[in-house]
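Keep the viewer open and try each task before reading on.

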Amino acid sequence: MSRLRRRVVLGLSAVTVLTVATATPALADKGWHGRPPSDLPKAPLMVGSGGAVSSVDRDASQVGIDVLARGGNAADAAVATAAALGVTEPYSAGIGGGGFLVYYDAKTKKVTTLDGRETAPKSFTPAVFQDSAGKALDFNTVVTSGLSVGTPGTPALWDKAARNLGTMRLSQLLLPAAALAYKGFTVDQTFYDQTAANATRFAKFPATKQVFLPGGNPPAVGSTFRNPELARSYLELAAFGTDWLYRGRMGDAIVAQAQNPTTAPGVSVLKGQLTKADLRAYEALTKAPITSQYKGFDVYGMPVPSSGGIAVAEILNLIEAYEARTGTRLSSLDNANYLHWFSEASATAFADRNRYVGDQTVVPVKELTSDAFAAERACLFSTATAQPRPIPFGSPDGSYTSCPTSGSRQGEPYEGESTTHLVTADKWGNVASYTLTIEQTGGSAITVPGYGFLLNNELTDFNFTPLTPGVPDPNLPGSGKRPRSSMSPTILLKDGKPYLTVGSPGGATIITSVSQTILGYLDRNLSLVDAIAAARLSSRNGAEGAEPPILTGPDGDALRALGHNLVSAGTPNEIGAVTAIHPLGGNRFEAAAETTRRGGGSAMVVRPSP
């Protein structure tokens, strides 16, 4: 290790560390990867030994693989890959955001979770997003403003994962991302499209325009995008630790932009309420996972404030309840009827999720994930017709002796669809499923001047007003509260060992993408990569988003005949971007990712083999 690099790792010299012009080129040119990014393979499926990584991006997956090859474990690889995604997927993740990690420790044979969700300022009240008449503020106005910015949780999660689960120092794990940010990566169509779609927002903030609209335009496909400011930020965190954000100068810069965003002449946006005290008070939390069982598999997901673990568990429980009621196995259905069953289960789970799940003291988790509750909720299921939307929420009260035929119906709250996801596995049997985000594509659109990363707009995941007047809403804003999420990093064990590690980006569609992938792999006799590639339907207790093969094909016709209201999945006509790993035994792994969504994902193993 060079003397300069050693100083970066150990944080011995602030002057040397922060001189990116000398420090980062050394890292980039000498190479953590050992090979230039342009030569890296990109594939949706790879099988081999030594460990595995799957993400939406080739360069990020390679960073994780290099960490595994150098003796790091699954937690180390997850942190390093996530940091690299902050470079190549800056509109979905990064230093200014948050996320959730689910981790299986092979030594203890236990699953644990880390909650790195952003928090609201201490000053927040349930009416913070309402005007003086109690009406909701304009959503898009709040998104692109300081008022939407919550305390970033990603750096704290990285630090906790490295300290408690990993084998390497966080300073080491951030170096590859610093090198990648300085040397740059090749712009693909997805990066260009996302930049172009946000160009008007980005132009409102000079620092964002400077970094992400070089020359005033989105970087061209095939060009090299460099972000030396972000490289410096990673080196600062490597040298000084995450206190640099939560108690130091980086945090001061974040608070300054949240409270009073620097805008272009003539542009005015809402000011935020984030304070230095909010940053100092932040903690990434270790929590017990949501646990459920599905056909001999133990399913582990993320607890509150994520609704993902609860909703995925309820969907799977409902499928089993439908099978029990009808005497028919999901595996025997044609595709249209399978999608009907899935849609009914998903809409039902979302009805309950919207009513009961949020960052509050009492959430009926045990009942929401129980077989008995699912059996009661399944009593109105029909193989011949879809239930009218929205489906009423249930009563998870522990008394399930009747079939409720009426109840309150709630509409679907809005949730942004920009996140990213990665999965890792190592030769010792540890696995990680990690979803991270800055909320909407491009977050708040506010870049911290001189630091090269976007701030989140996570606080718009709160409901601005009660979803239903007179009905308690668990997801209203509050002091220090964490907004509800749909992120669903998931691990399935069979006989106590990892069988499937899976997750997806996509806002509220995450829950449906993860559930469909699990069902496709376990019940529909699809290979892992085919289960990921299968056309998706996202039923969230309103109109049902469907990808084109369903929307315009015979399955769509059959679903409409059953009463389903199908609509386009939106731009770019795709739902989610799943990544997954299936351990094969004997230190061999099958890593899988998308074949086409978001330009296709990147599945890798340390030593590929047939």
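**Exercise 1.** In this predicted model, find which residues of α5 meet which residues of α8, and work out how the two helices are oriented.

*Solution.* Start with the contacts: Asp76, Val79, Ala80, Ala83, Ala84, Val87 and Thr88 of α5 meet Leu170, Leu173, Leu174, Ala177, Leu180 and Ala181 of α8. Sorted by class, this contact has 11 nonpolar, 1 polar and 1 charged residues. Next, take the geometry: α5 (residues 74–88) and α8 (residues 170–183) pack at an angle of about 25 degrees, and their axes are 8 Å apart. Angles under 35 degrees count as roughly parallel, so α5 and α8 are roughly parallel to each other. Finally, the handedness: α5 and α8 make a right-handed crossing.

**Exercise 2.** Decide where the buried residues of α23 sit around the helix axis, and what covers them.

*Solution.* First pick out the buried residues of α23 (residues 554–561): Asp555, Gly556 and Leu559. Their arc around the axis is only 100 degrees, so they lie on the same side of α23. Now turn to the face pointing away from that buried side, where you will find the exposed residues Pro554 and Ala561. The cover over the buried residues includes α17 (335–356), β13 (537–538), α22 (548–551) and β15 (566–568). Past the helix, look for Gly563, which follows α23 and has a positive phi, near 105 degrees.

**Exercise 3.** Is Thr517 buried or exposed?

*Solution.* Locate Thr517 in helix α20 (residues 509–522). Its relative accessible area is 0%, so Thr517 is buried. Leaving aside residues up to four places away in sequence, Thr517 touches Val502, Ala531, Ile532, Arg536 and Val578.

Definitions and conventions: Residues numbered from 1 in each chain as written. Predicted model: local features only at pLDDT ≥ 70, side-chain atom pairs only at ≥ 80, totals over all residues. Heavy atoms only, no water. Helix = DSSP H or I, 4+ residues; strand = E, 2+ residues; numbered from the N terminus. Buried < 20%, exposed > 50% of the residue type's maximum accessible area, 1.4 Å probe, protein only. Contact = heavy atoms within 4.5 Å. Arc of directions from axis to C-beta. Axes fitted to C-alpha atoms, helices over the stretch in contact; angles between N-to-C directions. Parallel < 35°, antiparallel > 145°, perpendicular 65-115°, else oblique. Left-handed = near helix turned anticlockwise from the far one by under 90°. Nonpolar A, V, L, I, M, F, W, Y, C, P; charged D, E, K, R; others polar.
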